[in-house]
Amino acid sequence: MKTKIFNMIGALLAVFAFAACGDDNTGDLNLGGDCNVEAFALDNIDATIDRASRTILVKLPEVYNTDAMEVTTLRLSSGATCNIALGEIMNMGTARNLHVTNGNTFLDWSVSVRHMKAPFKPKAVFVGSAWTKDQLDPEARAACDWMLENVEGAAYAAWEDIRTGTCDLSDCKILWWHWHVDGGVDGHDPFVKKAEDALANKNKLAAYYERGGALLLTRYATNLAAFIGATKESCCPNNCWGGFEASAELCNNPWDFNIYTGQSGHALYQGIVTGPDANKVYCTDKGYHITNSTAQYHIGADWGGYENHDFWQTETGGTIVGVGGDGAVVAWEFPAKDGKGGVFCIGSGCFDWYSYTYEAGYVENYHKNIAIMTKNVINYLTK
């Protein structure tokens, strides 16, 4: 009996020992002290410390050399040690790991710097979650670079810039959010969860829209229209999916969507590169890789919600501009009225700016339509 008891105790101790050896070793079996960073500074600039995310952020002036920054303050929990020393000189071009140990416990913290921006008042904005455009995902970065090069007075703004007022929208005529998420954002609830930084600006965006500011919302950003008053919150796209950029699907032929009945003269389609079917809008070329990131409206009584196109327009207050081969609404607008700005949405999976590679012999022809349509919409919304 004693042998069995000792064996059981030994097994339990082995389990505890195994658990205590994992990453961020601060479990219920606390064999050491706390592993917190109480204070930290670089070049005598105090950091903001977030214990929940274990991040240490040093906010710098807009222009500041980070090649050789000195650790001027470092205070840890009693008894703790770490891999960075007081007085150490560090290149902060990239984030650094701060490994704090106290007895048999440890925690890893991320130390980074951020160049703060001077206030700016752009005429046009490309918005995203990244602090700078260089930190955007490749899809959004390609779209942003195009806007900055082709739209007068355009600037990149992070959602935080808008929230803090660093980006003043009072002179802004058009705000474009082209939002890529690997794996997709499937409708209202996932949008609320994944777009917290955008929705933190919901009231500011609603006010911007109410006073006549226009928005171009593409990919999963199309959900935003339902949160700023352009349509009912219950009217988010109901048919969404998407792939991953690193394993994007190969287009063996050009991908397209259809011009909605009666909309061939819409500004969206002016000057596009046409193909064999005049009713189709060709968006990619053979050899292009696409994530097929889609946020559209399924139409049909089989799903409920929107029995037909007329019902969709009545229910949402929107106007259909483009549809998929199965009749799904893939391009639509909430026209400017009553002093409010226009909101234009493109949720077609064909609306894609970035291919991670191109197959041999690739020639761009129809893909030019992505930029042509974008310029058309921006001109249309700001005329």
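User: How many salt bridges does the count come to in this model?
Analyst: Happy to start there. This is a predicted model. A salt bridge here needs a side-chain nitrogen of Lys or Arg within 4 Å of a carboxyl oxygen of Asp or Glu. By this rule, the count comes to 15 salt bridges.

User: Which residue forms a salt bridge with Lys-117?
Analyst: The closest N and O atoms of this pair are 2.6 Å apart. Lys-117 sits in the loop between β9 (105-115) and β10 (124-128), and its partner is in helix α3 (residues 159-164), 44 residues apart. The partner of Lys-117 is Asp-161.

User: Is Asp-161 buried or exposed?
Analyst: Buried means under 20% relative accessible area. Asp-161 has 0% relative accessibility, so Asp-161 counts as buried.

User: How many residues apart in sequence are the parts that Lys-340 and Glu-210 tie together?
Analyst: The side chains of Lys-340 and Glu-210 meet in a salt bridge, at 3.9 Å from N to O. Lys-340 lies in the loop between β21 (329-334) and β22 (343-346), while Glu-210 lies in helix α6 (residues 202-210), so the parts tied together are 130 residues apart in sequence.

User: What is the relative accessibility of Glu-210?
Analyst: Let's take the two partners in turn. Lys-340 counts as partly exposed, at 25% relative accessibility. Glu-210 also counts as partly exposed, and its relative accessibility is 42%.

User: Which helix holds Glu-315, the salt-bridge partner of Lys-232?
Analyst: Glu-315 and Lys-232 form a salt bridge whose closest N and O atoms are 2.8 Å apart. Lys-232 is in the loop between β13 (214-219) and β14 (239-241), so the pair ties together parts that are 83 residues apart in sequence, with Glu-315 in helix α7 (residues 309-316).

User: What is the relative accessible area of Lys-232?
Analyst: Glu-315 counts as partly exposed at 28% relative accessibility. Lys-232 is partly exposed too, with a relative accessible area of 40%.

User: Which residues are linked with Lys-133 in a network of salt bridges?
Analyst: Here the salt bridges form a network. Linked with Lys-133 are Asp-134, Arg-141 and Asp-145.

User: What is the phi of Asp-338, and where is its place?
Analyst: Asp-338 counts as exposed, at 71% relative accessibility. The place of Asp-338 is in the loop between β21 and β22. Its phi is positive, in a residue other than glycine, and is near 55°.

How values were computed
Residues are numbered from 1 along each chain as its sequence is written. This is a predicted model: local features need pLDDT of at least 70, side-chain atom pairs count only at pLDDT 80 or more; totals for chains, interfaces and linings use all residues. Side-chain values use heavy atoms; hydrogens and water are left out. Helices (H or I, at least four residues) and strands (E, at least two) are DSSP runs, numbered from the N terminus. Buried means under 20% relative accessible area, exposed over 50%, partly exposed in between (1.4 Å probe, protein chains only).
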